[in-house]
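Biologist: I would like to learn how to read a model like this one. Please take it feature by feature.

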Amino acid sequence: MIKKVSRHIVQNELLIFEHSSPGKRGYQLPELDVPDVDAEAALGAQNVREEIEDFPEISEVEAIRHFTRLSTWNYAIDLGLYPLGSCTMKYNPRVNELVARIDGLAWAHPYQPEHLSQGCMEVVAALENALAVITGMDAVTLQPAAGAHGEFTGLLMIRALQEHRGNARKKILVPDSAHGTNPATASMVGYAVENVESNDRGMVDTDRLSKHVTDEVAGLMITNPNTVGVFEQDIKRITGLLHEKGALVYMDGANMNALVGVARPADFGIDVMHLNLHKTFSTPHGGGGPGSGAVAVRDILKPFLPGPRLKRESDRWTWNYDLPQSIGRVRSFYGNFGVLVRALAYIMAHGGDGLRRATLDALMNANYLRKKLEAHYEIAYQSPTMHECVFSDDRQARKGVRTGDIAKRLIDYGFHPYTVSFPLIVRGALMIEPTETESKQELDLFVDAMISIAQEVEDNPELVLQAPHSTRTSRVDEVTAARRPILRWKPSVQSAQAAD
Amino acid sequence: MTYPENYKYTKEHEWVLVEGDTGTVGITDHAQEELGDIVYVDLPKVGATFDKGQSFGSVESVKAVSDIYSPVAGEVMATNDLLTHHPEKLNEDPHGAAWLVKLKLPAAGDLSDLLSAEDYQKYIGG
Amino acid sequence: MLAVLGLPAEEDLVSYLSADVRFDGKLDLENGKSEYEIVDYFKARAARNANGYASFLGAGVYNHYRPVLCDVVVSRGEFLTSYTPYQAEISQGTLTTIFEFQTMVCQLTGMEVANASMYDGSSAVPEGAMMAARLTRRDKILVARSVHPEYREVLATYLKHGGLPVSEIGYGPNGLLDLDALTRGIDDSVAALIVQTPNFFGLLEQIDELAHIVHSKGALLVVAFTEAVALGLIEPPREADIVVGELQSFATPPSYGGPYAGIIASKDKFVRQLPGRLVGETTDSEGRRAFCLTLATREQHIRREKATSNICTNQALIALMATVYMTVYGKEGMRELAQQNLSKAHYLASKLPRKFDAPFFNEFVVTTNGKSADEINRELLVHNIIGGLPLDRYYPELTGGVLLCATEMSKRSDMDRIAAVWNEK
């Protein structure tokens, strides 16, 4: 029985261009207080465009209805559990939205005089410090715009240090369980990628690893806990192995929600790591961004950090550009400041004890789900679960039902699916991360749903295979979308009948 | 689907039909089934040369990409335009109309390690 | 719940970790604060910034009025707190708005296909260069010195290990890319020329002439922009092969440098080499129109080390703000907005000694004599005006020059004040 959702009327809506008609307007500019300038005279006739062809023309009411209706077609954290593994879909505190919009912060121009930007610089300094404390590392940069961007920054620094020591080396080692950004980033930094196999406990196989570690290896990229939600128990031995051969260890901090206040990566030998502020530190995902990929480093990598760096001069902050060994900029200005404000607000709200409490709650929620679901789904590895649990669809596959189908049926029960088919080392993976902001009530609804679906797989597999049944859009044709891509609206093209 | 007797096969699921000094290359029915709905085929330019076992292109489904490895060494004489606009043909007729490339083979070509139709079917457990 | 797990206390969730990796101490952070204290803290930080000043800074980040609808729409929980639209059935809201965004970016830039956004303008530039290199299978990149200096720094960082050497082409006395230098500097090992219009000095580059030279050598033209409002009035770079740029003007206030939203757009035939997310139109099993992420095989989660880029997130929420902005202003509003910018900036420029005389949009370089740029700016601060950007840090050859920007938000009285301070001996 489905308890979390029921039928309701949901509005249809066309594309904005389909509401458009000449003369409609949603804006009003003030009157000019200076003379109007003839564009053609000022710019040259050939430089002035006739119009922006087919740009929408609609009223404010139509605009608000358009976007509001569209929003009702989305699932979101605000509607319930969003159990995507490694995405850490925790509650996005609304006070963070308020403080990010305070005029003095929101309207600060990156080039305005430093003595009129001290407030912004204090925020940056405070967050750098907090993240250094949390990770145990020596310095932090907040310049990278996202996790992958942070990986890029971290690997550039590793390369810079190796070059400084006389030999850039040739390879980066990446576990076969790693997220796709890891090898993609290593390639961008000019390294060859060598995969390291996991063992049957879902962790890096240290014996096999030691065979891979030669002096051709510049570094290892590791995720801890890894992508099956398991702490790499041999991590100190692993980092030791790499350090012995003069290589460094980069940690992908995507799963930091399992470690804050409980373990500090610096303590187990990590040299450089990124943090996803939009995961662990609650800044909103917003449908796919923005994020922020803070990077924390040990002292040995400090000289290579991207610039400029904050420097304290007598009683104020200043941006220091005198960084002879810096890798340079990875983006303009100082970082996704608006995201930094939200992350700092989150940390302030919790404090040291609160952050540790949040981590333990996250672990508890994930372990609770594992315990409740283990009888019905095949747990991928017996190792202790941290903040996310990974199952395989082995049992259900016997009835011809795969993880993707179960995920679609979960939608009918009112939830967003878990992460499907990742990591690749698990056959038909179901990767579930509840986070700490879910109540037992919500988790029990999820457990009930998953158990019910497991039963449906036995009794009525077709129901699961054809899911979802209750959404206003059923399964979409991804094949045609890839074979004959339509990537923009055009006025003369008749699309398939709009939602009926 | 039958596996033509006069084709030779590889363990990476390609086939080659040798006629004089021309080799026509494609992927097997088993391969297209494993890949699922094919959405795009990436083929080399005419005139490019490849060693035996070298990747000369790739085949894409919605969620995966597979490299295609040349079963023989040769120079690309033609690529199959049909697949540019109709990649689905590769699912429908992988052994016939949806060949990938035609290669000019060098005089001393080595086909000895390629599988016969019977051996290939045994290999895939048919 | 602990009972279900058979554990006496929450601490036991981590007791299996060995002592040498576990942290049993207390994080050296202040105790948790109430909502009121947090708001207070940030208000105090904001008070230590510029408040109540009229700013005439541009240089890649612009002060434009943001329609109220922008924040209203993105504050809806369904947009704010949702994830990347991998599950199409329950993400049609996000997917539809991204499809609209991709369409509007094409309409604005004159290109045929656009992706769902990049981190920002500065990182979109090297992505455009790498895309051109893949397409042409050549490795040299030329970049105009009149491209935003921080964008050029980011380009250098990205391309350092990509095997793509970068050379700069200077500007002439008119402030525009030197066509003779380009003709001398380009050959058929060049993959692309990167040029910005309006350029960093606010001037309109001669795109048609540049395209002719670049294409005659089989190279690609990558055109960048930092001031999106200009495209409301200025002919877009239709001769470009790839357009990259920054949409901050439409989306967010300056926010001390981010988050912003970049764009990358190109001709249709290059689509498979575009980095980042793409949303496509399709149908569901009932034949209804629907949208989904597509052409994912370009991306990192499938291609891994052979991906077109390592990019994973886009800037969905910022792109949505920009979509709302573009919708509210619409076809006529975008033009009127650009027209106002033009008029305001030309009014201010008419009273000041301009350095370059090529056509400009809403930014321009002014020379100083007698007083230094810093002196003038200090005087302006007394009148609650933040003046332009002194150029000496980025262009030593233009020391004494200042880059000023006026937008629809600039007031005549402030501009008159600037002129007075500038022109008094």
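Modeller: Start with confidence, since this is a predicted model. Chain A has an average pLDDT of 95, and 98% of its residues score at least 70.

Biologist: Where in chain A does pLDDT stay under 50?

Modeller: That happens over residues 496–500 of chain A. For this stretch the model has 14 contacts beyond four places in sequence.

Biologist: How is chain A divided into domains?

Modeller: The domain assignment gives domain 1 as 96–348 and domain 2 as 360–480. Between these two domains, 15 residues of domain 1 of chain A and 17 residues of domain 2 of chain A take part in the contact. The domain 1 side of that contact consists of 6 nonpolar, 7 polar and 2 charged residues. Taken over C-alpha atoms, the centres of the two domains are 31 Å apart.

Biologist: How many residues do chains B and C bring to their contact?

Modeller: Chain B gives 4 residues and chain C gives 4 residues. On the chain B side, 2 are nonpolar and 2 are charged, with no polar residues.

Biologist: Which residues have the most contacts inside the largest nonpolar core?

Modeller: That core has 342 residues. Those with the most contacts inside it include A:Met157, C:Ala129, C:Ala192 and C:Val222.

Biologist: What is C:Val222 in contact with, leaving aside neighbours within four places in sequence?

Modeller: Among them are C:Ala129, C:Ala192, C:Leu193 and C:Ile194, which are also listed with C:Val222 among the residues with the most contacts inside the core. C:Val222 is in contact with C:Gly128 and C:Asp241 as well.

Definitions and conventions
Residues numbered from 1 in each chain as written. Chains lettered and ligands numbered in written order. Predicted model: local features only at pLDDT ≥ 70, side-chain atom pairs only at ≥ 80, totals over all residues. pLDDT = per-residue confidence, 0-100. Contact = placed C-beta atoms within 7 Å. Nonpolar A, V, L, I, M, F, W, Y, C, P; charged D, E, K, R; others polar. Core = buried A, V, L, I, M, F, W, Y, C linked by C-beta atoms within 7 Å. Buried ≥ 20, exposed ≤ 12 C-beta atoms within 10 Å, placed from the backbone. Domains from an automatic or database assignment.
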